[in-house]
Amino acid sequence: MTYLNLIWIFIFGSAIGSFLNVCIYRIPKKKSLLYPRSTCPNCHTPIKFYHNIPIFSYLILRGKCAYCGFSIPISYFIIELISALAPVFFVYLYDYTIFALVITILFYGLLTLSVIDWKHYIIPNSILLGLLFIGIVINFCSPFISWQDAIIGFFAGGATLYFFAFLGNILFKKESMGMGDVKLASVLGFFLGWKSVLLALYFGFFLAALYYLIVKFFKKEPIDNYIPMGPFFSMSAIGWVLWGNTMLSWYLNLIQ
C-alpha cells in the first residue's frame with residue numbers, strides 16, 4: 001500500500017461522491033442521472049466541467065455558484081469528502097481485498113439512500129435493487145458471505161422489520177414504518193447474514209430512540225414524531241461491520 005495509491009483512491013472516491021450528489025438530487029424527482037448536465041439550482045446555468053471538480057471546486061468558489069453567487073448547500077461538499085475518505089479508510093483497514101470493495105459499495109449505497117430518506121422520507125427501490133444486484137454478482141465471482149447465510153439473512157431481516165411494522169400499525173393505529181425500511185432490512189441481511197443483521201437492526205432502533213430523546217430535550221418547539229429509519233439502520237449496519245464486537249461490549253456495559 002503506497003500513499004500514491006491512496007491518493008488515487010481518494011480522487012476516485014470524490015468523483016463517486018459527485019455522482020452520489022446527482023443521485024440524491026435527481027432520484028426523488030425521477031429524473032435521468034445522465035442527462036441533462038448539472039445546472040445551478042438558482043440560475044439554471046449549466047455548470048462548466050472546471051467548476052465541477054469534486055471537493056476542490058466547492059472550496060475555490062467558496063460554496064457559491066460561479067455565475068449568480070447562489071450559495072450551494074455544504075452537504076454537497078460533505079458528501080464528496082466523505083465519499084473520498086471512505087474507500088481510503090476501508091483499504092487502510094482491509095487492504096486491497098474483496099471485503100474492502102464490498103463494504104465500500106455498501107457504504108456508498110447506504111449513504112445515498114440515507115440522505116434521500118432524511119430529506120424526503122423515501123427509500124428508493126432503484127438503490128436497494130442496485131445494491132442487491134451488485135452484492136449477488138460479487139458473491140458469485142468472489143464470495144464474501146456464504147449463500148446460506150446471505151439468503152437466510154435476506155428473509156430474516158425483512159421478516160423481522162415487517163413484524164415490527166405490523167405491530168406498530170396495530171399499537172399506534174397508523175403506519176409506523178414504511179415498506180422501504182423493510183426492504184432495506186432484507187438487503188442488509190443479504191450483506192451481513194442473519195445474526196449480524198438482527199443485531200444491526202436492534203442497534204439502529206437504539207440510535208433512533210437516542211436521537212429522538214436528545215432532540216426532544218434540546219428542541220423547544222414540537223418535533224416530527226416520524227423518524228426516517230434508513231439513516232440509523234445504515235449507520236448501525238456499517239458500524240456493526242467495522243466494530244460489531246466493540247459495539248456489543250459497549251452496549252452490554254451500558255445496561256449493566
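Student: Where is serine 249 found?
Tutor: Serine 249 is found in helix α9. Keep in mind that this is a predicted model.

Student: What separates the C-alpha atoms of serine 249 and glutamine 148?
Tutor: Their C-alpha atoms are separated by 27 Å. Along the chain, serine 249 and glutamine 148 are 101 residues apart.

Student: Let's go to the start of the chain. How many residues are in helix α1?
Tutor: Helix α1 has 24 residues, running over residues 3-26. At 1.5 Å a residue, helix α1 should span 34 Å. Its end C-alpha atoms are 35 Å apart, so the span agrees.

Student: Which residues of α1 are buried?
Tutor: Among them are Leu6, Ile9, Gly13, Leu20, Val22 and Ile24. Asn21 and Arg26 are also on the list of buried residues.

Student: What do the buried residues of α1 pack against?
Tutor: They pack against two helices, α3 (74-94) and α4 (98-120).

Student: And α4, how far does that one reach?
Tutor: From first C-alpha to last, α4 reaches 33 Å with 23 residues. That is close to the 33 Å expected at 1.5 Å a residue.

Student: What follows α4?
Tutor: Tyrosine 121 follows α4. The phi of tyrosine 121 is positive, near 60°.

Student: Why point that out?
Tutor: Because most residues other than glycine have a negative phi.

Student: Is lysine 30 buried or exposed?
Tutor: Lysine 30 counts as exposed, because its relative accessibility is 78% and exposed means over 50%. Histidine 44 is exposed too, with a relative accessible area of 54%.

Student: What kind of peptide bond joins tyrosine 35 and proline 36?
Tutor: A cis peptide bond joins them, with omega about -5°. Most peptide bonds are trans. Proline 36 lies in the loop between α1 and α2.

Student: Switching to the core. Which residues touch the most other members of the largest nonpolar core?
Tutor: Leu110, Leu113, Leu184, Leu188 and Phe191 do, out of 52 residues in that core. Helices that each supply at least two residues of this core include α1, α5 (125-141), α6 (147-172) and α9 (230-255).

Student: Which helix gives the largest share of this core?
Tutor: That is α4, with 10 residues.

Student: What is leucine 188 in contact with?
Tutor: Leaving aside neighbours within four places in sequence, leucine 188 contacts Leu106, Leu110, Gly193, Val197, Phe233 and Ala237.

Student: Which elements give two or more residues to the lining of the largest pocket?
Tutor: Those are α1, α2 (56-60) and α3. The largest share of the lining, five residues, comes from α1.

Student: How does the lining of the largest pocket split by class?
Tutor: There are 19 nonpolar, 10 polar and five charged residues in the lining.

Student: Back to α3. Where is phenylalanine 89?
Tutor: Phenylalanine 89 is in helix α3. At 34% relative accessibility, phenylalanine 89 counts as partly exposed.

Student: What does phenylalanine 89 touch?
Tutor: Phenylalanine 89 touches Leu242 and Trp243, not counting residues up to four places away in sequence. Phenylalanine 89 and threonine 104 are 15 residues apart in sequence, and 9.4 Å apart in space, C-alpha to C-alpha.

Student: And where is isoleucine 78 found?
Tutor: Isoleucine 78 is found in helix α3. Its relative accessibility is 37%, so isoleucine 78 counts as partly exposed. From isoleucine 78 to leucine 59, C-alpha to C-alpha, is 11 Å in space and 19 residues in sequence.

Note on methods: Residues numbered from 1 in each chain as written. Predicted model: local features only at pLDDT ≥ 70, side-chain atom pairs only at ≥ 80, totals over all residues. Heavy atoms only, no water. Helix = DSSP H or I, 4+ residues; strand = E, 2+ residues; numbered from the N terminus. Expected span 1.5 Å × (residues − 1). Buried < 20%, exposed > 50% of the residue type's maximum accessible area, 1.4 Å probe, protein only. Contact = heavy atoms within 4.5 Å. Core = buried A, V, L, I, M, F, W, Y, C linked by side-chain atoms within 4.5 Å. Nonpolar A, V, L, I, M, F, W, Y, C, P; charged D, E, K, R; others polar.
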